[in-house]
Amino acid sequence: MPRYVGEIRTSGFYVNFYPTYIYEKDKFIRLSDEDVEKILPGSQYPNLNLFSSSTSMRLDDLFQDGDDVIIDFQSDKLIPNLKSDGSVYPSAWKLDVFKQYSGSILRMEDVGWYYALPQEAVEGDWRKDSTVILNTRDVNEDMRVMIPGPIENTLVGPFRVRYDEDLDELVIYPSLDQKNSIISGYLYSPSLADRIHTLEQIDVTRGYVRIEGEGVEPCPTDTISDEELIENFTASIKGKTAKTIGVDPAAFASLLASYQNSLISGKDIPAALAAERVKRLQAIFESSAKIGELFNELSSLIPEMFKARKDDPDYMDMVHELLENEEFVEALPAYSEYVTFTSQLKQKNSELKAQKEELQKAVDELEILQPKQQLERYQEELDQLKSMKAKAEEEFQEALRQANIGKDVANLEARSSYLQEEIARREKSIADLNVQMEGLQGKLDELLERSSQKTLEISFDNMISERFMEHTARLENARRLEIYQQASRAIAAMPRSFLSKEQLVDYLVFTMQKSRPEYSRNEILNILICLTQGFLTIFTGQPGSGKTSICRVTAQALHLDQPAELEKSHPQFPYCSRFVSVSVERGWSSRRDLIGFYNSLTRSFEKADPRLFDLLSILNQESRGNSGSDSLPALVLLDDANLSSMEYYWADFMSMEENAAIRGTIALGDTYTFEIPRTLHFAAAIQSDHTTEPLSSRLLDRAWVITMPEKRLLLKPARPLLEDEFRSSLITHEQLDEVFLPQEDSQTLPSALEDVYQSLAALFKEAGLTVSIRSESALRKYVLTTLRWFVPDEDEAYSDAGTMALDYAVLQRLLPKINGSSHQFRTILEKMKKVCETGGLIKCGRKLKEIMEKGDGSMQFYQFFS
């Protein structure tokens, strides 16, 4: 099978392979334009489109833009790259990576070729620096590269390219790609230039070399330092047991021989490097500067050896032999250090004896003084003194009380005289006040006389004020409408998406899986279809299962927040985003809590949520302005929607017509009347516990209910990685309708699916849970749409896509109606479960079993939300 070498180029979620060489017998043969045309017949572009038929194998995990890869394929095994209408894309052929990847798609290093970086691309010294930055755009993460060596015509490596988050650079870590402090290197003859094979690709040119074969000789570089040599030499002899200790040449030779078999200079070390390390150690031992360091190492090592092996008979024998060796013991006093050390010990011994004598003398003196008896005597004297003090305090207080009686009499006499004077002063003040009262009474009569004349004037002023407020309200309303019209026109002028139906589906799945990689293609398409076809979609599931976040991820994928960028260039604009999240609170009872109300006193609208009011105002302008096919979708998320009854605060929307171009109108008072177009959709994230309100059958008849899959979320941010051209283009509501609505008006299901549905509908009717015309129509539209896009699920054994589609539809539109009790009701549920299992509705059968098991433990009360 031909083996082609080429470059990977990515654009958004597209991955293309450009073949430029054919690889035969370790040689690269350049392909001409005619060769490429033969390989890819009829293709306008010289590339092969790569895709994966499995959600478990993602292209962005396998390839990076600019990668050089080798792919084995034959032209007659390629798949035509067709559009939905049967025409061919400019890239006429595509290859399924999932089926081809094992052994047929290789990296250059997989066949022994490594990219040789030029010196200017390496920033740093690989022999000293732990991190070496690669100053070039021609490398990708995980690529294996070679870098210039220490001498001419040499390269060292290969090193794996890694991304350093702190530096935000592509780097290599030399220490991670070396073994035993040795970095692999190679000498190329007659020269390095003669051994480099240059590959010129579409956008990049790289030179590759081999690390084995003709003209390649291993040339490793030793990076171990002298300190590490000494340390590892010490470690290599820790486990050895010596009967005698000496520092003669023969002993050193024996130790060095042991070191040559260590982990540092063992069998994995080239012989030339091992010999060089031995020479370095010999030089260290002969150096007077280094010998001291070595003895320090040994002096710290020997006590550790004795301590660690104190129970080892061999080591105990060594200690006894040293102590019994008369020559060794007699030789110790010859060392000045030993003499100094022993004299210091004697001096410390003398000092300790003197301290002991002083302490003994102090103890003898204490025995003579009898401190315990003296302490008892002092305590008795202290108690007597306390008693005397208490008695003296009592006598003092009595004397003080007798002395204060005379003082009180004198104070009372002085107080009486003062009060007499105060009474006289107050009487004079009262007389003065009476005179002032008479004057004020006259002035009051005069004011009352004039106030009757002012009454008519005041009435006339209120009329003028009323007219002024009306005029101000009209001006403010006109200004408000003008701003919303300007915002609506600005949104209409933003660029729209150019993707085809198939591209739009692939793009939305790709984008949402960037944030939710654990979701399958079918699960993402299910969410998009429900949101597009339904006016209300309810998300239920365990707390933390991602109900709220999946709505935000969907809004990001549909670019609903893109119009909000207009506010930066137009500060006067209102909130322009097409996605609004509203946190529902307990106690909401009407639209006043959700939207707001018109205040007739101030002649202004009191907004409950200014963002929702702005969105409804812009949608109203779009609806009345007939924006047509360019209208953008809008999504309102009601978070914790059932903390209050949705039938109350969402009542205005429940009565609207789901499939009409104008769903209905809402009159909020005065001129605040909004048209609600079909482009507006609601999502409701709910909880199922005792703190929430139940959902009525009327509400469930109008909604899709999506139970969040029980998966471990990877918590990636809702931020799709897109090219600029995809990020700036908006997806219209008409495009979503073309993709996620049935292509034909007929709602007839395939016969096998129709039989299963009719059986279930009959059982629902028997249980008193009639399926309305609205629910049946929604279910049929859903199934006919998903038949176009669903693919066989790897995790569920469905017989075909139609059965899978009906399973999703029944689970999300019919089963949420289940709410009843009694043994008879359970019998009907058992029949439903049997029909589902016979018809291949795996998810429905599983959910019915769960409902029955929970109901059996709850006094035979069976319900979907439990």
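Strands here are DSSP runs of at least two residues, numbered from the N terminus. The model is predicted.

Start at strand β5, which spans residues 68-72 and contains Ile71. Ile71 has a relative accessible area of 0%. Buried means under 20%, so Ile71 counts as buried. What surrounds this side of the chain? Setting aside neighbours within four places in sequence, Ile71 is in contact with Pro2, Arg3, Tyr4, Phe17, Leu95, Ser104 and Ile105. Take Ile105 from that list. Ile105 sits 34 residues from Ile71 along the chain, yet their C-alpha atoms are separated by 4.5 Å.

Now move to the nonpolar cores. The largest one has 130 residues. Within this core, the residues with the most contacts are Leu508, Leu594, Leu638, Trp650 and Phe653. Not counting residues up to four places away in sequence, Trp650 touches Phe535, Leu536, Leu594, Leu638, Phe682 and Leu699. A second core is separate and has 28 residues. Among its members are Met108, Val122, Val145 and Val161.

Finish at helix α23, residues 733-740. Six of its eight residues are buried, so the helix is largely enclosed by the rest of the structure. Those buried residues are His733, Gln735, Leu736, Asp737, Val739 and Phe740.

Definitions and conventions
Residues numbered from 1 in each chain as written. Predicted model: local features only at pLDDT ≥ 70, side-chain atom pairs only at ≥ 80, totals over all residues. Heavy atoms only, no water. Helix = DSSP H or I, 4+ residues; strand = E, 2+ residues; numbered from the N terminus. Buried < 20%, exposed > 50% of the residue type's maximum accessible area, 1.4 Å probe, protein only. Contact = heavy atoms within 4.5 Å. Core = buried A, V, L, I, M, F, W, Y, C linked by side-chain atoms within 4.5 Å.
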